[in-house]
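Please consult the sequence and the structure shown below.

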Protein chains: 2
Amino acid sequence: MSDDQGRKRSRAGGRAGNKARAGSAVIEQMPWRIPVVPDRPIEPLDDEGVQRIHKTAMRILSEIGIEFLNPDAVAILRKAGCRVRDTNVRMDEDFVMEMLAHAPAQFTITPRNADRAVPIGGRHMAFVNVSSPPNAWDLERGKRTGDFETFKEFMKLTQYFNCIHIAGGYPVEPVDIHPSVRHLDCLFEKLTLTDKVVHAYSLGAERVEDVMEMTRIAAGLTQDEFDAAPRMYTNINSVSPLKHDFPMLDGAMRLAKRGQPVVVTPFTLAGAMAPVTMAGAVALSLAEGLAAIVLLQYINPGCPVAIGTFTSNVDMKSGAPAFGTPEYMRATQMTGQLARFYKLPMRSSGVCAGNVPDAQSMWETCNSLWAAVQSGTNMVYHAAGWLEGGLIASPEKFVMDCEVLQMIQRYCEAPLWSTSDDDLAFDTIREVGPGGHYFGCQHTQDRYQTAFYAPFVSDWRNYEAWQQDGGVWTSERAHRLYKQILAEFEAPPMDGACREELQRFVARRKQEGGAPTDF
Amino acid sequence: MSDDQGRKRSRAGGRAGNKARAGSAVIEQMPWRIPVVPDRPIEPLDDEGVQRIHKTAMRILSEIGIEFLNPDAVAILRKAGCRVRDTNVRMDEDFVMEMLAHAPAQFTITPRNADRAVPIGGRHMAFVNVSSPPNAWDLERGKRTGDFETFKEFMKLTQYFNCIHIAGGYPVEPVDIHPSVRHLDCLFEKLTLTDKVVHAYSLGAERVEDVMEMTRIAAGLTQDEFDAAPRMYTNINSVSPLKHDFPMLDGAMRLAKRGQPVVVTPFTLAGAMAPVTMAGAVALSLAEGLAAIVLLQYINPGCPVAIGTFTSNVDMKSGAPAFGTPEYMRATQMTGQLARFYKLPMRSSGVCAGNVPDAQSMWETCNSLWAAVQSGTNMVYHAAGWLEGGLIASPEKFVMDCEVLQMIQRYCEAPLWSTSDDDLAFDTIREVGPGGHYFGCQHTQDRYQTAFYAPFVSDWRNYEAWQQDGGVWTSERAHRLYKQILAEFEAPPMDGACREELQRFVARRKQEGGAPTDF
């Protein structure tokens, strides 16, 4: 953590941040790694189905059009030859496909600690912390509005867990910080409490520019170095159906111009903002997402982008959004097929409707996480900590989800299905023979420490041992763990000069009044 | 329920049992159906990997051999040309493959209500209730030894839920019934409280014969009719490593002779009764399973069989079995690949290590259930109600698992990924336009009642609505539901003459002393 640790290599990768794994004493966790999913994706659609959804998305773009509520975007698309009437922009398949062909199938985002670089695309799957809930909930304090203290707690959890690869949006909205300077305080904490990839909300020019600048400063990069490769990213949502709003497009265009990645994620709840049928909801989602990607590829051909999906269904009784449903899983898989058709990296999420970290929240989250694995998702948003359809971030849920994420990481590792002679163990089977046991044999002794996934919040003891130890349910165990993690948290090392420059930048921007708050 | 309802058709299918769905008032559940999994299975092994596991299983069978602790079985296999030394039987690949070629890839088990017939094989996936825990646990009474009253409660849940297709083993062991007559009382309740496929424990000749006879009587079948097609089944476990015990083999042979299905499920915990490496554990499990299947195919070529897997890992710290782990999932998928290689139907399970129906128990169960879906499993044992590695049956867990099972059923249904013009909804997307919503449009109105999976124990309301309603966690909601279901339970209709004959049979067999208890 001394000032000179990072200085000497301030422009190169391999900062000292990865030397000490912060707080690793509390639990034994898996080392940092980006899972690579070895399985063929699950593909509900046949080729004709893929074509029919594609063609419908294209018809939406050419015959109905998308509203671009941003004059710059409209002017650019008009210049590109799209048919424009007021804010309505129609584009033809040939143009769309020409623009999509520019988009890279894979790119890498490199944060201030180059060892935490994250490849997005191919069979890689990166996990992002819960992002954007207005509220927090924990077993002790119940539900309450997000604040800065809680924001920092989640940043520490985000840094602590090696299975979280990206520090996405704000895990809770810190409403005790004035909106004009909230992004400055939040990004300062995010960039100092973590050394992972960060994200900028596209909520106005000043915020976006500030976050890019802070990311650059934290990594000790020149402007040119920043522009030379992906260093952070933004995620924009359309206003479904069929609209992109001003600030989201503005932010996306600012990042695209500087070669920083943009994830475009329509929020198409079937039966509410999208057709009640999943194919229709997916086609609408794709049309909205592709429209923005086309704009960005026209502005800066080859700029890194990803297509997101947030297609789920509503509860038809209450209108409430549902997550981790069979419909959600199939929509995610279908979107994955289309993302591969367009050769775009894809984002989906680890989501649930459950209000507390109980059984329901976990079966819903497991369903959505397995759908991510099966769909070829490259970036799994909200992978840890999400509750109540995204209205609550919970530290207990965060800890529990990380157990599932680690299991998914392990699930992707080839030793599990390796069939070398050593793995087949014929000689050992002969040696142990009938009625023997394998605990003591050399083959087991040589491997037992690494053979199996080792859990940190699961309790695998029998009922009596578990009960004697207090009979603690999983949510309560997760509660204790998260507190321990926070208590023993150590921030990752950071170049002292970078940190000071970051502080100066924040102070200056605050003095200037931060960002306008008329949104 | 009147006596004459079933009488007229007492030998044919389509009994009145399915007219009224017992207790359907408590919750709205999905109708009876057997899911057909449309997806390509997940296949971690390449062709060479499949061959290498196969060849290792064959080497185990021919070079190490399996202990058959049953003189009849040994004599039969000796006659078949196997190399026998005492109880050790070695068989060569050619003979094994010749015998396996007799086994049907698919068969159907028809219970007393022919509408509850269950196809085993192909892409069908049938769900079996939790079987064989010695204990029960619920939120009110905690953990306690199984008894007859609790046994009956689980039978009612088994019958109630349409997503449970098979009434497998005893959900709890009713220790308050003397072992000599326990099978008589249990099967009487099972055959009258349910109209679904039943199972016989292979725990001695008398028990097996009694259950076959009771199943025959309950369905009003002649002996010839019983023998003509699968009417019930047994599941046998090997004594891993490398052993089959006397009563299991005895029961399996009795069923095979009468054309009744036998599921062979080794219990190979990697690191305990099997190699610590998953490929080795799977090869051992297959060798043990195939050995018994070969015996049965020699006795009655073409008799219905299935290969089971129960390969998981132990917790290397405590030696406790772990379930729903990444290792478990991959072992299940690998076994699925080999089952398809041998063209045998396959059984796996819905299992967990969790001690209470909380978050951990659900992520473990979800992992194992999705592994069943992905592996091509045809028969999912313990699909509802299992806790503590199989030492506890819980009614709350039963209800919760049934929600997940229903979601899996729905996940398998083609409307979710249909791309008809109606599904693509282009005209509706145009009609609603930008910024509109889909709640009110005709396309939604026509479909909203069936478009989405409708949950019965999940609470999809927002936090405030959920809290105002008491803030009830999932396990407690499941608790209330199971009590309501029991309170309103109605047994399925049964032919009065069959029921009387069944009563007479039980009375007579009890008078005769039941089964010997020297096991």
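Between chain B and chain A there are 10 salt bridges, a salt bridge being a side-chain nitrogen of Lys or Arg within 4 Å of a carboxyl oxygen of Asp or Glu. In one of them, the side chain of B:Arg410 meets that of A:Glu327 at 2.8 Å, N to O. Helix H12 of chain B (residues 359-375) gives the most to the side of chain B that touches chain A, with 9 residues; helices are DSSP runs of H or I, at least four residues, numbered from the N terminus.

This is a predicted model, in which local features need pLDDT of at least 70 and side-chain atom pairs count only at pLDDT 80 or more, whereas totals for chains, interfaces and linings use all residues. Residues are numbered from 1 along each chain as its sequence is written, chains are lettered from A in the order in which they are written, and side-chain values use heavy atoms, without hydrogens and water.

The table summarises the interface.

| Item | Value |
|---|---|
| Residues in the contact (heavy atoms within 4.5 Å), chain B | 115 residues |
| Residues in the contact, chain A | 115 residues |
| Buried area (accessible area lost by both parts together, 1.4 Å probe) | about 10000 Å² |
| Share of the buried area on carbon and sulfur atoms | 67% |

Because 100% of the interface residues of chain B are also interface residues in chain A, the copies meet through the same surface.

A rotation of 180° with 0.0 Å of shift along its axis superposes chain B on chain A, with an RMSD of 0.0 Å (least squares on C-alpha atoms of residues with pLDDT of at least 70 in both). The two copies are therefore related as by a two-fold rotation axis.

Conventions. Buried area is the accessible area (1.4 Å probe) that two parts lose on being put together, summed over both. Helices (H or I, at least four residues) and strands (E, at least two) are DSSP runs, numbered from the N terminus.
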